[in-house]
Amino acid sequence: MAKLRSLVPCCLCPPRGAVDAMDGVKVEVSSRYVVIKNDILELTLSNPDGIVTGVRYNGVDNLMEVLNREDNRGYWDIVWNPPGQRTGIFDVIKGTEFRIIHHDDNQAEVSFTRSWDPSQGGKAVPLIMDKRFIVLRGSSGFYTYGIYEHKEGWPDFGLGETRVAFKLRKDKFHCMAMADDRQRVMPMPEDRLPPRGQQLAYPEAVLLVDPTNPQLRGEVDDKYQYSCENQYNNVHGWISSDPSIGFWQITPSDEFRTGGPLKQNLTSHVGPTMLAIFLSSHYAGEDLSPKFTNGEYWKKVHGPVFMYLNSSQDGCDPSLLWEDAKVQMVMEKSIWPYDFALSEDFQKIEQRGCISGRLLVRDRYIKDDEDLYATSAYVGLALPGEAGSWQRECKGYQFWCRADADGSFYIKNIVAGNYNLYAWVPGFIGDYKFDTPLTISSG
């Protein structure tokens, strides 16, 4: 496997800090585009669609794939189906209304909204979808999040997947990283097509017969090779060597992902493509495709996630960019929930609650009359259901932690609402559910 080189000392640029000395955030709006920029980057979005058509950074006019159509570069999408239809409908979410939510020197947040109309019948997903983008002063990246709402009495539908996808320039981004032991030089998109590639048992799996990089000959490329459990899916992305640039997707919280900490999702794959998946039936099927019936009301915030850009001096080891992205991921986690995301549906820290406790195990085959510590237990909150139902829960938020050596646990920053507490303990069979439903309130 072709891997990135090991880390060597080198200087990253631009340096962090000195935010106060930087110019403020600027927003330029025309009939076709919305441009948001600070001293580090420039983000271009189509108006009113809200598609990321361009990202200018470190002397490169556009890091997005310029050979693609503008609506196939950086976009939110959804897979849905009307009642009785098993085949999902793929829909790139294009806004019909643009608004500036807030703009000053320190921050810009913009909104691109699309709403279902009864005249559309079953031709469009019955949701209000509000896509938000945020650029901060002195920040080397941009944030995006989405608010989905199904009004009471609106038509029934099923939801198979929703995500954000970014397609980067294939002439620049050749190295991918998603973990310390999962990073490598990747094939080119054309390597997957005949005669360079040979499809195997299913379309995603391709044998590299004559790849443009001879070192990859004989390997199999398959995007599912790069799946990752939610609990470890915090940062992944791509590295360009000319110039030395990293483009990373950072997810600071798992609360808006479905299926719990063990649910696997796609990350990055040949394209170069980078995904932030919020809901997916991959590896699970219909159990993780929520159904909205009988005019059910539903609203959920997906994200924010952070698209982080970094760079280093020419000739430096590309692994340095990965190490820096991990540091940035830790920083993003430390300031969650973000206080700058302005939707009233995204609860701030003072609106959230917390829970603490201790979990013990009684196993008469080990100690008949003494409780054992539930060391390293997974303890979490999810919508009310039976024991183990968190694995199939796909409409609400989930909050998880690992218990300490003595079984103590503490979960903070919980969105206010009604939950059950679930747990399981490595080495012990069975799922646990605390009998009493819990109401988490602000503070």
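## Asp130

Asp130 sits in strand β10, which spans residues 128–136. Strands are DSSP runs of E, at least two residues long, numbered from the N terminus. This is a predicted model: local features need pLDDT of at least 70, side-chain atom pairs count only at pLDDT 80 or more, and totals for chains, interfaces and linings use all residues. Residues are numbered from 1 along each chain as its sequence is written, and side-chain values use heavy atoms, with hydrogens and water left out.

Asp130 has a relative accessible area of 9%, so Asp130 is buried (under 20%; exposed is over 50%, partly exposed in between; 1.4 Å probe, protein chains only). Leaving out residues up to four places away in sequence, Asp130 touches Arg99, Ser111, Phe112, Thr113, Tyr145, Gly146 and Ile147. Contact means heavy atoms within 4.5 Å.

## Asn420

Asn420 belongs to strand β32, residues 417–424. Its relative accessibility is 3%, so Asn420 counts as buried. Beyond its neighbours within four places in sequence, Asn420 has contacts that include Gly380, Leu381, Lys433 and Phe434. The side chain of Asn420 also reaches the backbone nitrogen of Gly385, at 3.0 Å.

Asp71 is 349 residues from Asn420 along the chain. Their C-alpha atoms are 41 Å apart.

## Cysteines

The structure holds zero disulfides (pairs of cysteine sulfur atoms within 2.5 Å). Cys354 is in none; the nearest cysteine sulfur, that of Cys401, is 12 Å away. Cys354 is partly exposed because its relative accessibility is 42%. Cys394 has a relative accessible area of 8%, so Cys394 is buried.

Terms used. Helices (H or I, at least four residues) and strands (E, at least two) are DSSP runs, numbered from the N terminus. A polar contact is a pair of N or O atoms within 3.5 Å; within protein, one must be able to donate a hydrogen and the other to accept it, and residues adjacent in sequence count only if both atoms are side-chain atoms.
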